[in-house]
Amino acid sequence: MQPRNMSMSGVVDLAAVKAAGEAKAKAEQTRAETARQGGPAAVPPSALVIDVDEAGFERDVLQRSAEVPVVLDFWAEWCEPCKQLGPLLERLAVEYNGRFLLAKIDVDANQMLMQQFGIQGIPAVFAVVAGQALPLFQGAVPEAQIRETLDQLIQIGEERFGLTGIVVDANGEGPDSGTAEAAHPVGPYDALLEAAMSALDAGDLAGAVQAYKNVLADDPAHPEAKLGLAQADLLTRVQDLDPAAVRKAAADGPADVAAQIAAADLDLVGGHVQDAFGRLVETVRRTVGEDRDAARLRLLELFEVIGADDPRVTAARQALARVLF
C-alpha cells in the first residue's frame, strides 16, 4: 500500500510555479510602467555583451541568470567560424535590448569552463536560465534559426521563471522596485492555494482536491490550481494500489491497458516521468478503439501533472503525434 503522505515534490514544484507566475506578472507590470513613462531606453551595449572568465562566472552568469537569460558564446581567437558568429550574436544582443545577456567565454583562457560544459568544438552556444544550463547550438547557424532559438529562450525564461530581462526607463535608469512590488498585491487565492499545498503534502487528498476546485470554479485557467488538481487526482488514483501487483500485471500483460495505465501512474508518482510517458505512448501505438482512447486520455492527464512547458511533455507530445498519425 502507498503511504498516505505521498508527495509530488520530486515531479513538479508548485511553489516554483507560483513564484514564476508572480514574477511574470511583476515583469509585465514593470514593462507597462516603463511604457507609460515613455518607453524603454536603449540599454548600453556594455551592459548587454560582457566577457566572462572562471573567476567571475558565478557572479556574472549564475547570479544574473535569475533576472535575464544569459547566452554563453564559447569562442577562441583562432576559430574562423567564431569570427562570424560572435559579431552576429553581439548585434542581436543590442537589437533585443536587454531581453538576454550575451556572455563571451574565451576557451583558451577558460579550459575548466569548457570542460564543465562538455564542449567538443567551437563555436558553441549555451544558455543559463535561473541557474540551469541549456545547450542551444554549435557551429555556424543561420541568423533566422538563431532568432527563433532566442525567441524560444526568452519565452521560456519569462513564462517558466518570470525573468524580467534588463529593463531601464526612458532616463536609462532601472524601475523603482518598491513601486513594482506595491503594484502586485497578494493574489485573491493565495490562502486557498497554500492550504491546498499543505493538505497535499499531509496526504489529505480530498481537502486538496476541494481547495483547488474552489479556485478553478472562479478562475478555470489558473495554472497553479490546474497543476495541483492534476497532482491530487493522480495521488488519489494510486493511494490504494499495490505497486508490486500493478507492476507484475503490467509486465505479464503488455496488452492489458488498465495495467499499463496504472503502472504509468506509479511511474510518475515515483518521479520516472519519461518512463510513464513512454509506457503510454507505446500502449497507444499498439491499441485501437476504446483502449487507445483510454491510454491517450490518461497520457494527456499526466501531461497536466508535469506542465505544458516541460521539455519532457513536448517530446512525449511529438511521440504521441507520430503514433497517432
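1. Basis of the model. The structure is a predicted model, in which local features need pLDDT of at least 70, side-chain atom pairs count only at pLDDT 80 or more, and totals for chains, interfaces and linings use all residues. Residues are numbered from 1 along each chain as its sequence is written, and side-chain values use heavy atoms, with hydrogens and water left out.

2. Confidence. The chain has a mean pLDDT (the predictor's confidence in each residue, from 0 to 100) of 82, and 80% of its residues reach 70 or more. Among helices (H or I, at least four residues) and strands (E, at least two), which are DSSP runs numbered from the N terminus, confidence is highest in strand 2 (residues 70-75), with a mean of 96, and lowest in helix 7 (residues 177-182), with a mean of 38.

3. Stretches to read with care. Residues 169-186 stay under 50 in pLDDT, and the model has 21 contacts (heavy atoms within 4.5 Å) for them beyond four places in sequence.

4. Largest nonpolar core. A nonpolar core is a set of buried Ala, Val, Leu, Ile, Met, Phe, Trp, Tyr and Cys residues joined through side-chain atoms within 4.5 Å; buried means under 20% relative accessible area, with a 1.4 Å probe and protein chains only. The largest such core has 46 residues, of which Tyr-212, Leu-268, Phe-277 and Leu-302 touch the most other members. Helix 12 contributes the most to this core, with 9 residues. Beyond four places in sequence, the contacts of Leu-302 include Leu-234, Ala-264, Leu-268 and Phe-277.

5. Second core. A separate core of 45 residues includes Leu-92, Ala-93, Val-141 and Leu-153.

6. Second largest pocket. On a 1 Å grid over the protein atoms alone, a pocket is an open set of points with protein on both sides within 12 Å along at least five of seven lines, a cavity is a set of points where a 1.4 Å probe fits but cannot get out, and lining residues have an atom within 4 Å of a point. The second largest pocket holds about 340 Å³ of space, a volume being the space filled by probe spheres set on the points, which are joined across faces, edges and corners. Its lining has 13 residues, with Leu-134, Leu-136, Leu-153, Ile-156 and Pro-311 nearest the centre. Helix 6 gives the most to this lining, with 6 residues.

7. Cavity. The count is 1 cavity of 30 Å³ or more. The largest cavity contains about 50 Å³ of space, and its lining includes Pro-69, Arg-99, Ile-154 and Glu-158.

Terms used: Buried < 20%, exposed > 50% of the residue type's maximum accessible area, 1.4 Å probe, protein only.
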